[in-house]
Amino acid sequence: MSVSVRIPTPLRKHTDGQEVVEVDGKTAGEVLENLAETHPGLRDKLFDDEGGLRRFVNVFANDEDIRFLDKLETPVEDGDEMSVVPAIAGG
Amino acid sequence: MSGFDERLKQIKSQIKETDVDSVKERWLEASDHSDLHLIDVRERDEFVDGHIEGADFIPRGLLDLKIENEVPDKDDKVILYCGGGTRSALAAKALEDIGYSDVESMAGGFGSWKEAGYPVHIAETLDEGQLTRYSRHLRIPEVGEKGQMKLLDSKVLMLGAGGLGSPAALYLAAAGVGQLGIIDSDVVDRSNLQRQILHTDDRVGDSKVDSATQTLKALNPDITVEGFETRLTSDNIMEIIDGYDLVIDGGDNFPTRYLINDACVKAGIPNVHGSIFRFEGQATVFDPKHGGPCYRCLYPEPPPPELAPSCQEAGVLGVLPGIVGTLQAIEAIKLLLDIGEPLTGRLLSYDALKTEFRELKLQRDPDCPVCSGDPEEIEFIDYEMFCSFDG
């Protein structure tokens with residue numbers, strides 16, 4: 001069960017510059033957990049102290065915001081694409 | 001009888017004529033005439049002098065060319081009028097010949113309408129200079145003279161005269177958006193000039209609002225620019241936003257972005273959002289009044305300052321705001337003219353390195369701290385000043 005996770009520019013320094021990382025997992029939460037496991041620098045960027053997703057980071061499964069699906073329990077399938085989309089302020 | 005009179009008589013016997021009383025009843029007195037098209041086929045100077053309110057204006061000479069844009073359904077009811085009922089009769093025949101099934105000509109024309117004492121509408125129209133300046137807009141059916149008048153009557157508030165605000169303001173000024181408000185408390189710095197194309201090298205050290213005003217007025221003296229050389233705060237925001245039709249958010253920091261979002265929700269106006277980072281840009285339209293999400297539905301809270309170092313460190317390719325800012329300008333024009341499909345509920349993400357546009361679906365959060373409740377009761381938050389999220 002491999003999902004492609006798109007890493008936004010501001011977080012790529014924690015993935016050795018990779019913009020897409022292939023990660024295993026059956027749910028969005030599992031995928032993100034495995035992602036943080038292999039790329040530890042991402043952990044506190046994605047999760048708060050209680051293990052919840054940070055409120056200024058959105059995660060999309062394909063093109064849907066997982067907050068409006070089953071949040072971290074949202075099921076994902078082999079070949080799906082997930083995107084991490086943080087708030088950026090630059091103008 | 002002359003040849004023309006003979007021909008006219010013959011045509012009038014083939015078409016359907018109606019009278020001014022019937023048109024008044026069906027056009028002015030009916031609560032709904034959405035399936036009825038009233039078209040003034042006279043020349044421009046006659047139309048400008050006075051016409052029936054709400055009528056479309058297509059001079060007879062252009063009728064065959066333009067009718068399919070105005071009336072795409074050939075079975076819709078169309079009433080034509082001219083000065084005295086002759087040109088509209090000929091025009092009615094011409095429309096029937098190209099397949100329109102329900103065309104009427106108003107007998108006696110506008111002359112009889114006036115004699116009957118029915119109301120004459122004198123619309124504001126573009127002057128000669130404007131007809132030339134906006135001629136390429138006037139040729140687009142979705143804009144036209146009505147749309148251009150609407151733009152000239154519109155007010156857009158720009159948050160920031162920086163990377164995004166520069167291209168957006170330039171194009172909106174050029175398009176003839178009648179009033180641009182510009183909020184910026186900064187002065188022009190040489191490091192801005194790599195992307196902030198409103199400003200020039202000889203204005204380094206000048207206020208951005210002054211520099212922007214100078215550039216925009218030079219491009220189009222037809223518009224007015226209202227400058228706000230101040231930092232946005234919870235105290236001044238509602239006063240500044242008052243009277244504006246929409247906001248273009250080209251801010252460079254989270255506190256003002258949240259403030260402008262909350263104020264737009266409170267004022268019930270759309271917020272055209274854009275943001276940039278290195279080679280990546282995002283744009284969307286926040287418009288909760290029309291069912292879409294707001295910025296806080298997407299990001300309920302800004303990141304804490306420790307996760308958001310200053311903007312100077314972030315870096316951005318100078319051309320990138322050119323793409324994102326012009327996308328914002330186009331969205332603004334569409335919203336002002338009420339045409340097309342705005343980016344409401346869709347986050348457009350642009351990756352310049354891959355030349356890739358992607359769309360993500362945004363939802364309105366039913367528990368949004370700002371747009372889920374009564375707009376009257378929104379209270380503003382002044383967050384501590386900091387900029388971009390750079391993990």
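Begin by selecting Lys71(A), which sits in the loop between β4 (64–65) and β5 (81–86) of chain A; the model on the screen is a predicted one. Although Lys71(A) is not a glycine, its phi is positive, at about 50°. Most residues other than glycine have a negative phi. With the surface displayed, the residue can be seen to be exposed, its relative accessible area being 52%.

Next, move to chain B and select Thr355(B), which lies in the loop between β12 and β13 of that chain.

Now show both chains and turn to the contact between them, to which chain B contributes 44 residues and chain A 31 residues. Together the two chains bury about 3100 Å², of which 55% is on carbon and sulfur atoms. Seven salt bridges are counted between chain B and chain A; to look at one of them, select Arg55(A) and Glu301(B), whose closest N and O atoms are 3.0 Å apart. Across this interface there are also 23 residue pairs in polar contact, both residues of each pair being at pLDDT 80 or more.

To follow the side of chain B that touches chain A, colour the elements that give two or more residues to it, among them α13 (254–267), β10 (271–277), β11 (280–286) and β13 (356–361). Of these, β13(B) gives the most, with five residues. Coloured by residue class, this side of chain B divides into 19 nonpolar, eleven polar and 14 charged residues.

Methods:
Residues numbered from 1 in each chain as written. Chains lettered and ligands numbered in written order. Predicted model: local features only at pLDDT ≥ 70, side-chain atom pairs only at ≥ 80, totals over all residues. Heavy atoms only, no water. Contact = heavy atoms within 4.5 Å. Buried area = accessible area lost by both parts, 1.4 Å probe. Salt bridge = Lys/Arg side-chain N within 4 Å of Asp/Glu carboxyl O. Polar contact = N/O pair within 3.5 Å; in protein donor to acceptor, adjacent residues only side chain to side chain. Helix = DSSP H or I, 4+ residues; strand = E, 2+ residues; numbered from the N terminus. Nonpolar A, V, L, I, M, F, W, Y, C, P; charged D, E, K, R; others polar. Buried < 20%, exposed > 50% of the residue type's maximum accessible area, 1.4 Å probe, protein only.
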